[in-house]
Amino acid sequence: MLSQDSNDDTEDVSLFDAEEETTNRPRKSKIRHPVASFFHLFFRVSAVVVYLLCELLSSSFIACMVTIILLLSCDFWAVKNVTGRLMVGLRWWNHIDEDGKSHWVFESRKSTPQDNKTISEAESRIFWLGLIACPILWVIFAFSALFSFKVKWLAVVIMGVVLQGANLYGYIRCKVGNKKNLTSMATSYLGKQFLRQNAGDDQAS
């Protein structure tokens with residue numbers, strides 16, 4: 001089951017029982033979750049397409065803005081709660097403790113030999129490509145709207161940057177851990193190098 005950590009550490013957890021059951025199933029194809037893979041890209045790509053073609057699709061700015069925001073919201077929910085868990089075994093969420101304090105929790109599935117049966121390399125590439133490429137596009141759109149003085153579109157593109165950037169940041173934290181984990185890894189590595197160097201000097205003397 002899920003375990004909660006108030007120190008914002010990346011956790012090794014068993015995400016869902018239903019996901020564990022899939023480890024016993026034979027691997028039939030490279031893409032094990034085609035529906036999740038489709039919707040991982042559908043909402044975010046659709047939002048980009050509607051933004052680029054909004055003047056051709058409709059003369060109403062309000063209709064285009066509402067459509068884009070709805071697509072971005074659906075994408076945020078789907079990627080945060082569904083596709084990340086199914087496609088790469090990662091999930092991030094917010095937990096409020098009994099004292100009313102808010103804590104961010106970043107989770108990853110435990111590394112076991114059976115992970116190769118549940119996580120497809122093709123799905124992983126699709127997940128990270130969509131997760132990284134689309135926020136970059138929204139950042140480009142933001143600068144474009146700013147320099148072309150399309151002020152009315154700034155709210156829309158900023159919404160795209162914030163929602164998709166939040167998912168990107170959350171999953172990067174899930175993947176590599178927090179700053180404390182990175183610091184401890186660097187300290188451990190430097191310590192090992194220092195010991196090796198001292199051992200080599202002792203042997204040479």
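Visitor: Why is Phe149 called exposed?
Guide: Exposed means over 50% relative accessible area, buried under 20%, and partly exposed in between, with a 1.4 Å probe and protein chains only. Phe149 has 70% relative accessibility, so Phe149 counts as exposed. Phe149 is placed in the loop between helix H5 (121–147) and helix H6 (154–176). Helices are DSSP runs of H or I with at least four residues, strands are runs of E with at least two, and both are numbered from the N terminus.

Visitor: What makes the phi of Phe149 worth a remark?
Guide: Phe149 is not a glycine, yet its phi is positive, about 60°. Most residues other than glycine have a negative phi.

Visitor: What kind of model is this, and how are residues numbered?
Guide: This is a predicted model, in which local features need pLDDT of at least 70 and side-chain atom pairs count only at pLDDT 80 or more, while totals for chains, interfaces and linings use all residues. Residues are numbered from 1 along each chain as its sequence is written, and side-chain values use heavy atoms, with hydrogens and water left out.

Visitor: How do you know where confidence is lowest and where it is highest?
Guide: By pLDDT, the predictor's confidence in each residue, from 0 to 100. In the protein chain, helix H1 (residues 17–21) has the lowest confidence, at a mean of 42, and H3 has the highest, at 94. Residues 1–29 have pLDDT below 50, though this stretch has 71 contacts in the model beyond near neighbours in sequence. A contact means heavy atoms within 4.5 Å. For the protein chain the mean pLDDT is 77, and 68% of residues reach 70 or more.

Visitor: Why is Thr83 called buried, and what does Thr83 touch?
Guide: The relative accessible area of Thr83 is 2%, so Thr83 is buried. Thr83 lies in helix H3 (residues 61–88). Leaving out residues up to four places away in sequence, Thr83 touches Ala36, His40, Ala78, Val88 and Phe127.

Visitor: How do you know that Cys54 is in no disulfide?
Guide: A disulfide is a pair of cysteine sulfur atoms within 2.5 Å. The nearest cysteine sulfur to that of Cys54 belongs to Cys64, 4.6 Å away, and Cys54 is in no disulfide. Cys64 is in no disulfide either. By this rule the count is zero disulfides. Cys54 counts as buried because its relative accessibility is 5%, and Cys64 is buried at 5% as well.

Visitor: Why is the pair of Trp92 and Trp104 called tilted?
Guide: Rings of Phe, Tyr and Trp (its six-membered ring) pair if their centres lie within 6.5 Å; planes under 30 degrees apart count as stacked, over 60 as edge-to-face and the rest as tilted. Trp92 and Trp104 are 5.7 Å centre to centre with 45° between the planes, and the pair is tilted. Trp92 is in strand E2 (residues 90–96) and Trp104 in strand E3 (residues 102–109). Trp92 is buried at 5%, whereas Trp104 is partly exposed at 38%.

Visitor: Which residues do ring pairs link into a cluster?
Guide: Tyr51, Phe61, Trp138, Phe141 and Trp153. The whole structure has 15 aromatic pairs.
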